[in-house]
Amino acid sequence: MNVLSLSATFPYPPSRGGTQVRTFNLLKYLNQYHPVTLVTQRQAGVTDEEIEALRGYVSKLVLFERPPALAGGALDKAKRFAGFFLGGTPPSVLSYYSQEMQAWVDEAVNSGDYDAITCEHSVNETFVRPQWGDRLKTIVNVHSSIFGTCQQQLDTETAEHPLRDRLNLPLLFRYENRYCQKFSNIVVTTPEDGAQMKQFNPDSCIMVIPNGVDVELFPMRSQDPGGHRLTFVGAMDNIANIDAVTFLVKEIYPQVRSRYPDTTLTLVGSNPVPEVQQLAEVPGVTVTGRVPSMSDYLHQATVCVVSMRIGYGIKNKTLEAMAAGTPIVGSDAALEGLDVDGESVPQRALRANQVPEYVQAISHLFENESLRQDLSQQGRAYVEEQFTWQRAGQLYERAISAQRGVCPET
């Protein structure tokens with residue numbers, strides 16, 4: 001099959017963020033079995049070397065410039081909200097829209113050369129016309145529900161602009177309900193997102209394909225380092241990660257350090273915004289910025305704390321820490337979609353949501369080498385069994401190649 005894949009986010013290198021990681025690895029696998037034409041956009045910071053490297057993983061790469069950033073004035077924002085209310089598409093989605101890219105995609109579909117079109121993240125749905133479902137397979141790979149994410153931020157009181165988000169919420173519901181009607185196949189990362197999308201389009205084939213880990217990039221650590229070293233890993237310009245590390249440094253870390261004065265905390269990830277950089281002023285806290293090897297820092301940590309309070313879907317950072325064999329203390333959001341505790345499964349992480357729970361779980365791991373070893377081994381085995389990119393790629397290829405109207409089993 002000839003596959004046309006749309007990703008407004010440039011998906012290379014596969015270390016910039018969750019969208020890039022998932023998109024790159026699924027298309028890399030898919031291209032081994034079907035010719036993939038990737039249509040993407042070049043944003044600031046993408047180098048010529050990265051473009052050439054990406055060409056080696058797809059059959060054809062078509063590149064457009066990212067549209068200019070939206071104006072930030074109050075009047076401009078008011079106009080965008082009015083456009084959202086009347087037109088139905090969020091400004092954050094329209095910010096990726098390019099007339100030049102649309103014209104190329106229109107011509108490609110009209111040529112009849114393609115058997116399937118995929119949207120790698122739902123923001124690319126704007127390039128797909130509803131009538132195309134009559135002539136080729138249409139697939140949207142929903143990395144996370146934007147309605148669900150907005151609802152979660154309001155429920156957890158972590159929304160940056162609560163009033164705006166309350167106004168947006170019914171509009172986001174209307175938007176996701178509308179765009180889901182265009183697709184014969186909807187791919188999600190967790191059963192929870194699958195249930196949400198089923199409400200929007202009961203007739204669509206919905207497949208749950210979880211995220212994965214490159215287990216060669218994240219090898220199992222050779223020894224337990226001991227000590228009192230904490231880490232958090234993730235892109236440091238991501239809103240959910242910014243909230244998580246701020247919560248970790250300001251609320252959790254001081255109480256842990258009061259028990260264990262030599263405790264250190266390393267925040268590892270690219271593009272730390274000023275708010276994150278300021279956290280390095282706290283004694284014992286280090287902000288690294290982008291590093292050559294995330295796994296090296298995971299191997300050096302006694303415990304990886306995934307203190308997420310917002311964010312939908314399976315978290316790559318959680319899977320990567322498990323693959324590296326680093327014991328995890330994580331929230332419900334950090335462990336979403338994963339069987340890590342309960343009567344029927346081995347314990348693979350410790351769960352915490354409130355500050356006292358984090359402090360107790362971290363202390364328990366600091367003092368119990370046997371528990372650290374158990375979590376390390378069980379986490380690694382779980383990833384190898386369920387969450388490799390090869391397994392995710394196999395499921396995605398099955399979704400692409402199945403006959404129209406047939407929904408493959410996951």
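The structure holds one disulfide, a term that denotes a pair of cysteine sulfur atoms within 2.5 Å. The model is predicted: local features need pLDDT of at least 70 and side-chain atom pairs count only at pLDDT 80 or more, whereas totals for chains, interfaces and linings use all residues. Residues are numbered from 1 along each chain as its sequence is written, and side-chain values use heavy atoms, with hydrogens and water left out.

Begin by selecting cysteine 205 and cysteine 407, whose sulfur atoms lie 2.1 Å apart and form the disulfide. Look next along the S-S bond of cysteine 205 and cysteine 407: the torsion about this bond is about 75°, so the disulfide is right-handed.

Now display the secondary structure, in which helices (H or I, at least four residues) and strands (E, at least two) are DSSP runs, numbered from the N terminus. Cysteine 205 belongs to strand β7 (residues 205-208), and cysteine 407 to the segment after α15 (389-401), so the pair ties together parts that are 202 residues apart in sequence.

Then turn to the surface, where buried means under 20% relative accessible area, exposed over 50%, and partly exposed in between (1.4 Å probe, protein chains only). Cysteine 205 is buried, at 9% relative accessibility, while cysteine 407 is partly exposed at 37%.

Select cysteine 119 next. This residue is in no disulfide, and the nearest cysteine sulfur, that of cysteine 180, is 11 Å away. Cysteine 119 is buried, with a relative accessibility of 0%.

Finally, select cysteine 150. Its closest cysteine sulfur, in cysteine 180, is 16 Å from its own, too far for a bond. Cysteine 150 is buried, with a relative accessible area of 6%.
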